[in-house]
Amino acid sequence: MTAVAARPASAVLRRDRRRWAWGMAALVAVGWSLLAAVDGEVVNPAGSAQFGRFAAAALSPALDAAFLGVLGTAVLVTVAYAVLGTALALVLGAAGAVLVARTTWGRRRLGWAAARGVLAVPRGLHEAVWGLLLVNVLGLDPWVGVLAIGLPHGAVTAKVFADLLDEVPRGPYEALLAQGSGRAAAALYGLVPEATGGLLSYAFYRLECAVRSAVVLGLIGAGGLGYQLSLSFASLRWPEVWTAVYALALLCLAADVAGRAVRRRVAAAPRRRAGVLSRDPVLTAAVAAALAGVVWSWWFLALSPASLVSARTREQAGYVLGAAWPPAGDGDLLREVVRQSVVTVQTSVLAIAVATAGAVLVAGVAARPAGRSGPGRRVAGALVRAALLLLRAVPPPVWALVLLFVLLPGVLPGALALGVYTLGVLGRLAAEAVEEADARPRTALAALGARPSGGWLYGVAPQVSGPVLAFALYRWEVVVRDTLLVGLLGAGGLGALLASRLAAFDWAAVTTVLLATIALTLAVDLVSDRARCALR
């Protein structure tokens, strides 16, 4: 009897049930949101002519000396707000990072969770909401713009800094603990030096974000480029609007290029001279320029710490706090909060779906090719990258106002405005993921005779799908906060409800809406985190 050789078991591909469940849930959520967005009339035919005039003015921006002078001053105000807001965010973030890092708390998870929960309050509200609240306390003081950027950005920075501290080697930290140092001191001297590169890189990225936040605050009256943009828009001076948009795009481009240059220098291997680490002159100059910018910004805005503790400020803060607590809890308000929360979720889901689909379509073209490429490919890539820059340079409220020419108020214009803006951000992240993908699978497929489309579909797309979906889920958290911003303009959701209560100075109802916003943000953060875990 002959023995039969055992056959190796063939590999069987198994579906990940969690991923399929999350995928089906995402499709259901998008379909549900789309049905709500197109329920009833959505098109405003009467506004098509005005939209055409707005689009035509893109080719003839206002370039007269008087307007350019006003615009130049507005740019300086925006830069000053961004620099000081970032400086405050870094100070708060550095202090908060040590307090909320896992390393600091050790096994005391209850204290760590409570500290993280405290941070969720300031970062759960958009900068524009902070600006509207602070205006009622400080009036039209320059501190409004600085604090409105610094407080929420400081909470986000503390969370990111804490994560960076938790990921560095713990040898020096544990050595200091063994010598009797406290956890906070050991983290400050044993972990911070090890994480300096990542901290510096993120600090300059936060400056890029602060520039866009400063523009948004200008739209609500804080001054600067956003304020000038809103004035030109309100008076239907479309050439001036486009000049402000182009100036904003150049400002964002400058911040983006400078930030990326610093991050590349941080990521590069440290230089050594005679076996000793030497300072990078570019990074040293960048830090010195940032410090000089803080000093100049303080002088330019003429900030006075006395205004924060003046009698009027104390009196107004006491009045607002006294009127805002306890929150309103009547049934009609709570039902409206629930209804508008649903609208907010629908708007955010549809926005992130539009942005993700667009990012997938443009990522391959927007990515810089690793090898040689023809002039047509280079020109197309440059044009797509410029378009993405323009999309993310213009704040969502401006996109919402433009779309309201041709769309009726509701979920759709708010979702499309947020989707267009988020496409500018997500498209850039997706392009960077394509640039960092391993080129060997695509090269091997090309060597076997595959077409470029096949090489992209089977050699690149599987590698970048995970990072792009993770970026999309992270941006969903941000979009939920931005939904309040377009809601303030009448796009619906909790933002519209908040605007109506602020206009009536109903502070108890304002507190209820803000608490609902924070709770909704936390819920979305939780769902997004679970979904990202399923993708890993």
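**Helices, rings and a surface patch**

Let's start with two phenylalanines: F233 and F405 are both buried. Keep in mind that this is a predicted model.

How are the rings of F233 and F405 arranged? They form a stacked aromatic pair.

Now the wider count. How many aromatic pairs does a search of the whole structure find? The search finds 10. Another one is W143 with W298. Their ring centres are 5.6 Å apart. Their planes meet at 85°, so this pair is edge-to-face. A quick reminder on how to read such numbers: two aromatic rings are described by the distance of their centres and the angle of their planes.

Where are the two tryptophans? W143 lies in helix 7, residues 143-167. W298 lies in helix 13, residues 281-301. They are 155 residues apart in sequence, so the pair ties together separate parts. Buried or exposed? W143 has 9% relative accessibility, so W143 counts as buried. The cut-off for buried is under 20%. W298 has a relative accessible area of 35%, so W298 is partly exposed.

Next, helix 6. It covers residues 127-138, which is 12 residues. From first C-alpha to last, helix 6 reaches 16 Å. That is close to the 16 Å expected at 1.5 Å a residue. Why do we call helix 6 largely enclosed by the rest of the structure? Because 10 of its 12 residues are buried. Among them are W130, L133, L134 and V137. E127 and N136 are on that buried list too. Just after helix 6 comes G139, with a positive phi of about 75°.

Last stop: the surface. Which residues form a nonpolar patch there? W20, M24 and L27 do. Together they have about 360 Å² of accessible area. M24 is found in helix 1, residues 17-37. At 47% relative accessibility, M24 counts as partly exposed. One general point about helices: an α-helix has 3.6 residues a turn, so residues three or four places apart point the same way.

That's the tour. Thank you.

Key:
Residues are numbered from 1 along each chain as its sequence is written. This is a predicted model: local features need pLDDT of at least 70, side-chain atom pairs count only at pLDDT 80 or more; totals for chains, interfaces and linings use all residues. Side-chain values use heavy atoms; hydrogens and water are left out. Helices (H or I, at least four residues) and strands (E, at least two) are DSSP runs, numbered from the N terminus. The expected span of a helix is 1.5 Å times one less than its number of residues. Buried means under 20% relative accessible area, exposed over 50%, partly exposed in between (1.4 Å probe, protein chains only). Rings of Phe, Tyr and Trp (its six-membered ring) pair if their centres lie within 6.5 Å; planes under 30 degrees apart count as stacked, over 60 as edge-to-face and the rest as tilted. Patches are made of residues with over 30% relative accessible area and no salt bridge: like charges are joined within 9 Å, nonpolar side chains (Val, Leu, Ile, Met, Phe, Trp, Tyr) within 5 Å. Accessible areas come from the Shrake-Rupley method with a 1.4 Å probe; for residues, only the protein chains shown count as cover. A salt bridge is a side-chain nitrogen of Lys or Arg within 4 Å of a carboxyl oxygen of Asp or Glu.
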